[in-house]
Amino acid sequence: MNRWLLLQLSDSAFPVGGFAHSAGLEAAVQLGEVGPGSALSSFIANALWQVGLGALPLVRAAHERPLDIATVDDACDAFLVNHVANRASRTQGRAFLATSARVFPSAEIRRLDAAVRAREALGHHAPAFGATLAALGVPRQDAQAVYLHASLRGVVSAAVRLGLVGPLEAQRLQLESAPILDAVLHECGDHGIDELAQPAPLLDLFGATQDRLYSRLFQS
């Protein structure tokens with residue numbers, strides 16, 4: 001495994017537009033449900049389990065069957081009934097594929113990107129991520145770990161920009177989340193598409209109100 005490739009893919013400088021999204025945190029803050037302290041820590045933990053049960057099975061399926069990404073995409077589309085989350089997933093997935101197709105010399109990634117551009121696949125983020133990392137030779141568990149880490153990083157970064165915590169406190173929160181990351185990866189890493197679940201419906205409901213916020217920093 002090329003560890004430099006893994007570090008590049010997990011680097012916040014890899015331009016996929018993930019920092020335009022807050023995973024529902026902005027809406028939760030404006031609704032008065034989340035603020036600094038334990039409420040934020042609880043939101044982060046719930047968000048990670050949401051990713052574990054609602055996205056890692058899709059990463060796995062696309063990683064194991066990259067040629068059948070359209071089927072995995074359709075399953076993801078049916079699962080994401082929240083229109084804001086669905087739109088954000090497609091936006092991030094297409095950006096990730098487009099960036100990867102230009103950065104990495106892989107015919108398979110270019111084929112995936114072309115399929116999404118031709119509307120042969122929807123380009124949801126988790127399936128696109130799994131299929132792309134399979135094409136790059138990244139083992140499935142490493143691919144899922146990078147996806148989970150990026151999800152945590154996105155929520156923590158959003159918390160900083162929303163003024164809930166400072167940069168140093170955000171890093172402490174990220175460090176303290178390591179046991180949850182391990183638990184989520186262990187519990188959910190081998191789940192299949194038929195085990196997709198929504199463990200934190202309130203987070204989904206908060207996120208669905210994003211488009212109705214009077215003012216907002218994030219797309220979701």
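Gln50 counts as buried, at 17% relative accessibility; buried means under 20% relative accessible area, exposed over 50%, and partly exposed in between, with a 1.4 Å probe and protein chains only. The residue belongs to helix α3, where helices (H or I, at least four residues) and strands (E, at least two) are DSSP runs numbered from the N terminus. Apart from neighbours within four places in sequence, Gln50 is in contact with Ala55, Gln198, Pro199, Ala200, Leu203 and Asp204, contact being defined as heavy atoms within 4.5 Å. From Gln50 to Arg119 there are 69 residues in sequence and 27 Å in space, C-alpha to C-alpha.

The model is predicted: local features need pLDDT of at least 70, side-chain atom pairs count only at pLDDT 80 or more, and totals for chains, interfaces and linings use all residues. Residues are numbered from 1 along each chain as its sequence is written, and side-chain values use heavy atoms, with hydrogens and water left out.

## Helices α3 and α4

Two packed helices are described by the angle between their axes and the distance between the axes. Helix α3 (residues 38-54) and helix α4 (residues 56-64) have axes that come within 4 Å and cross at roughly 35°. The axes are lines fitted to C-alpha atoms, for helices over the stretch in contact, and the angles run from 0 to 180 degrees between N-to-C directions.

On the α3 side the contact is made by Val51, Gly52, Leu53 and Gly54, and on the α4 side by Leu56, Pro57 and Leu58. These residues divide into five nonpolar, two polar and no charged. In this division Ala, Val, Leu, Ile, Met, Phe, Trp, Tyr, Cys and Pro count as nonpolar, Asp, Glu, Lys and Arg as charged, and the others, Gly among them, as polar.

## The nonpolar core

The largest nonpolar core has 60 residues, and those with the most contacts inside it are Leu9, Leu25, Leu40, Phe43, Ile44 and Tyr147. Such a core is a set of buried Ala, Val, Leu, Ile, Met, Phe, Trp, Tyr and Cys residues joined through side-chain atoms within 4.5 Å. Helix α9 (residues 140-161) gives the most to this core, with nine residues. When residues up to four places away in sequence are not counted, Leu9 touches Phe14, Phe96, Phe104, Leu133, Leu136, Val138 and Val146.

Leu173 lies in helix α10 (residues 167-176) and counts as buried at 7% relative accessibility. Its contacts, leaving aside neighbours within four places in sequence, are Leu40, Ser41, Ile44 and Val165. Leu173 and Ser41 are 132 residues apart along the chain, while their C-alpha atoms are separated by 7.4 Å.

Helix α6 (residues 83-103) has 21 residues and reaches 30 Å from its first C-alpha to its last, close to the 30 Å expected at 1.5 Å a residue. The expected span is 1.5 Å times one less than the number of residues. Among the buried residues of α6 are Val84, Ser89, Gln92, Gly93 and Phe96. What covers the buried residues of this helix includes α1 (3-10), α5 (69-79), α7 (107-117), α8 (125-135) and α12 (201-208).

His125 is found in helix α8 and is buried, with a relative accessible area of 15%. Not counting residues up to four places away in sequence, His125 touches Ser89, Gln92, Gly93, Phe96 and Tyr147.

## Loop residues

Arg119 lies in the loop between α7 and α8 and is exposed, at 60% relative accessibility. Although Arg119 is not a glycine, it has a positive phi of about 65°. Glu120 has its place in the loop between α7 and α8 and counts as exposed at 58% relative accessibility. Leaving aside neighbours within four places in sequence, Glu120 is in contact with Ala70 and Ala115.

Ala23 lies in the loop between α1 and α2 (25-30). Ala23 has a positive phi of about 60° although it is not a glycine, and it counts as partly exposed at 46% relative accessibility.

## Cysteines

The count of disulfides comes to zero, a disulfide being a pair of cysteine sulfur atoms within 2.5 Å. The sulfur of Cys76 is 15 Å from the closest cysteine sulfur, in Cys188, and this is too far for a bond. Cys76 is buried, with a relative accessible area of 2%, and Cys188 counts as buried at 0% relative accessibility.
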